[in-house]
Amino acid sequence: MKILALNWKLNPEAEREALSLAAYSDREGVIIFPPAVFLRRVSERTRKIETGAQNIFWEFSGAFTGETSPSMAKDAGARWALVGHSERRKYFGETNETVNRKIKAAEQAGLRVMLCVGEPWPVRKRGMKAAESFVRQQLRQGLSGVRRKPIIAYEPIWAISGGAANHPSDTPEDSARMAAFIKKTLSPKPYTLRPQVLYGGSVNSKNIAAFLKPKEVNGVLIGSAGLKKEELRKMFEISNIT
Ligand code: PGA
């Protein structure tokens, strides 16, 4: 079964949408990341759908104004923590080192982690090999000393939010290639359990089937299209049959 993860970012309508989704399709394989203040209510109203925090801090208590600890998120019903999203790296100064601390804290609190990785356009412009080394570095540093392998969400930064004006969107072929690369990087020995890899970046009802098709890709992380009712309904339908 492929995974559909919904990152609802800072959108006030996320709670209403989550509750209506829970009412019409509370199914396994769906993970919702609502804004933190909606976590408890959304978690209480869902059974098969799992919920997660869009961000957590690495400390569990103290003088850290505005932060949410992993155990607080868990207490509010989260089973997951999204860590290292490119918007957090860009606007809130997250680095591979802080990402690593957050993953360890999430692990300690018993949350499962979805780690976001992905290269910016100037790197990808140099080719897939350059993108792979960028992602390898994010994985090495982000996962240093981490015991339980998280789900990896590969989101090329330039393909997020409709893609940047002059850049082409990613293709299902290249995202499958990167997913295979990530699996290989994280499983050096043959026959070890390979981590799951999702693709994210402007997934919508028109392209979701193509992105879900390759066997290397275990699911998708959806942003803006996941907040449009009709789009979401279609994506659910399509992913059920893929
Ligand atoms: P998008 O967002 O689907 O709107 O590109 C994906 C994400 O940022 O996780």
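Asn7 is buried, because its relative accessible area is 5% and the cut-off for buried is under 20%. The model is a predicted one. Asn7 belongs to strand β1, which covers residues 3–7.

The side chain of Asn7 has polar partners. One is the side chain of His85, with which the side chain of Asn7 makes a polar contact at 3.4 Å. Another is the backbone nitrogen of Lys9, which lies 3.2 Å from a polar atom of the Asn7 side chain. Leaving aside residues up to four places away in sequence, Asn7 touches Phe33, Gln54, Leu82, His85, Leu221, Ile222 and Gly223.

## The barrel

Strand β1 is part of a closed barrel of eight strands, in the order β1-β2-β3-β4-β5-β6-β7-β8 and with parallel pairing. On average, neighbouring strands of this sheet are turned by 25° against each other, direction ignored.

Strands β1 and β2 run parallel and are joined by four bridges. Within this pair, Leu4 has Val30 of β2 as its bridge partner. Strand β2 spans residues 30–33; Val30 and Ile32 point one way from the strand, Ile31 and Phe33 point the other way, and all are buried. Phe33 is also one of the residues that Asn7 touches.

Ala53 has Ala81 in β4 as its bridge partner.

Helix α7 is made of residues 128–142 and lies across strands β5 (112–117) and β6 (151–154). Relative to β5, helix α7 runs at about 150°. Two packed helices are described by the angle between their axes and the distance between the axes.

Helix α8 covers residues 172–186; α7 packs with α8 at an angle of about 40°, and their axes are 10 Å apart. That angle makes α7 oblique to α8. The crossing in which α7 passes α8 is right-handed. On the α7 side the contact is made by Met128, Lys129, Ala131, Glu132, Val135, Arg136 and Leu139. On the α8 side Asp174, Arg177, Met178, Phe181, Ile182, Thr185 and Leu186 take part.

Helix α7 also packs with helix α5 (residues 96–109), at an angle of about 45° and with the axes 8 Å apart. The two helices, α5 and α7, are therefore oblique to each other. Their crossing is right-handed. Here Asn96, Glu97, Val99, Asn100 and Ile103 of α5 meet Gln137, Gln138, Gln141 and Gly142 of α7.

## Two loop residues with positive phi

Most residues other than glycine have a negative phi. Lys9 is not a glycine, yet has a positive phi of about 45°. Lys9 sits in the loop between β1 and α1 (14–24). The backbone nitrogen of Lys9 is the one that lies 3.2 Å from a polar atom of the Asn7 side chain.

Ser202 is another residue other than glycine with a positive phi, near 60°. Ser202 is found in the loop between β7 (197–200) and α9 (208–212). With a relative accessibility of 23%, Ser202 counts as partly exposed, whereas Asn7 is buried at 5%.

Conventions:
Residues numbered from 1 in each chain as written. Predicted model: local features only at pLDDT ≥ 70, side-chain atom pairs only at ≥ 80, totals over all residues. Heavy atoms only, no water. Buried < 20%, exposed > 50% of the residue type's maximum accessible area, 1.4 Å probe, protein only. Polar contact = N/O pair within 3.5 Å; in protein donor to acceptor, adjacent residues only side chain to side chain. Contact = heavy atoms within 4.5 Å. Pairing = 2+ DSSP bridges. Axes fitted to C-alpha atoms, helices over the stretch in contact; angles between N-to-C directions. Parallel < 35°, antiparallel > 145°, perpendicular 65-115°, else oblique. Left-handed = near helix turned anticlockwise from the far one by under 90°.
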